[in-house]
Amino acid sequence: MSSTTKISVTAPARLHMGFIDLSGSLGRHFGSIGIALNEINTRLTLTKSDKRSIIGSSAERAERCLSQLCEVMAVSDQVSINIVSAIPEHVGLGSGTQMALAIGSALNAYYGLGLTVREIASVMDRGLRSGIGIGVFEHGGLVVDGGRGEKTDIPPVLVHLDVPTDWRFILVFDRRGQGLHGEQEIAAFEALPAFPRHEAERLCYLIMMQALPAIAEQDLKQFGQVISQLQIAVGKHFAPAQGGIYASKEVAKAMAWLAGQGAVAIGQTSWGPTGFCAVENVELAEGIVQQAKAQFTDWLNLDFAVVSANNQKGVSRLVSTNG
């Protein structure tokens, strides 16, 4: 057991910007691209205790994670966990994966187990489709994973790049609903039609030869064009399961309006219902959000937020302190 008395972990929310091949027509299933966020996260501390205790946001989910992790890791669950903040559940920001990784990493440090992030993820059955949540916890920034092949345990990270610090992402939340998750998500994937091979080939090219060079050269317009195309392709494929390209009709209308204000990279993160888009800087983002709040003042279920990318590496998210 660690001699430290307190372990602090911050796990970033992420934007899941889309899958590359949903049918495995090129030999690997899924593959995806996404970005870690700064302002929304799961942040918790783990301390020594003579009894099991969890307090704070999403405590019920944390209880399940702790039970499963302690059983598989063969360690005592007599610890105290204080969840300072938690990513909202089932809105497309990766709450489940980040909670599992945060608690798993804290236990790993506390008991000195020497596990990798990927070993912790495997214990919790994370990364069964997308590797973005695991990748952004490890690296921060923008991540592209390679999907699943015949021998894949956790989808490998193929690309990691820092996101320009000036860029801002506008999020649009629909407070009334949640995206598909759990058994519903599994059933939806099983019921979806085959994803065309030519479309997977096109998306591969766009990401490799346009989106990634654009990030490296800080070209938001080019990057945004690719993400918008990817979102349209994946959104149309998911439409039978979620009722359209967007899970929320109100979010869809807000995203169309945001596109008209010059925002790019228009889309929905994961199963939504949260929408996202990107602009060049914080001043522009905040100005557009103020206009949006006035434009949609009667739409009481919509919330808007401005966030930035988190380029921080995963190793520095875990801090151990004495006392």
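Q: Which element gives the most to the lining of the second largest pocket?
A: Helix α6 does, with four residues. Keep in mind, as we look around, that this is a predicted model.

Q: How big is the volume of that second largest pocket?
A: The volume comes to about 270 Å³. The lining is made up of 17 residues, and those closest to the centre are Ile20, Asp145, Gly146, Leu158 and Cys204. Two or more lining residues come from each of β1, β2, β5 (142-145), β6 (157-161) and α6 (197-216).

Q: What makes up the lining of the second largest pocket, by class?
A: There are ten nonpolar residues, four polar ones and three charged ones.

Q: Why is Thr97 called buried?
A: Buried means under 20% relative accessible area. Thr97 has 14% relative accessibility, so Thr97 counts as buried. Thr97 sits in helix α2 (residues 95-111). Leaving aside residues up to four places away in sequence, Thr97 touches Arg126, Gly133 and Ile134.

Q: What makes strand β1 mostly covered?
A: The same cut-off of under 20% applies to each residue. In β1 (residues 6-21), 13 of the 16 residues are buried, so the strand is described as mostly covered.

Q: How do you know that β1 and strand β2 pair?
A: Two strands pair if there are at least two bridges between them. Here 13 bridges join β1 to β2 (residues 30-48), so the two count as paired. The two strands run antiparallel.

Terms used:
Residues numbered from 1 in each chain as written. Predicted model: local features only at pLDDT ≥ 70, side-chain atom pairs only at ≥ 80, totals over all residues. Heavy atoms only, no water. Buried < 20%, exposed > 50% of the residue type's maximum accessible area, 1.4 Å probe, protein only. Contact = heavy atoms within 4.5 Å. 1 Å grid on protein atoms, 1.4 Å probe; cavity = no way out; pocket = protein on both sides within 12 Å on 5 of 7 lines; lining within 4 Å. Points joined across faces, edges and corners; volume = space filled by probe spheres on them. Nonpolar A, V, L, I, M, F, W, Y, C, P; charged D, E, K, R; others polar.
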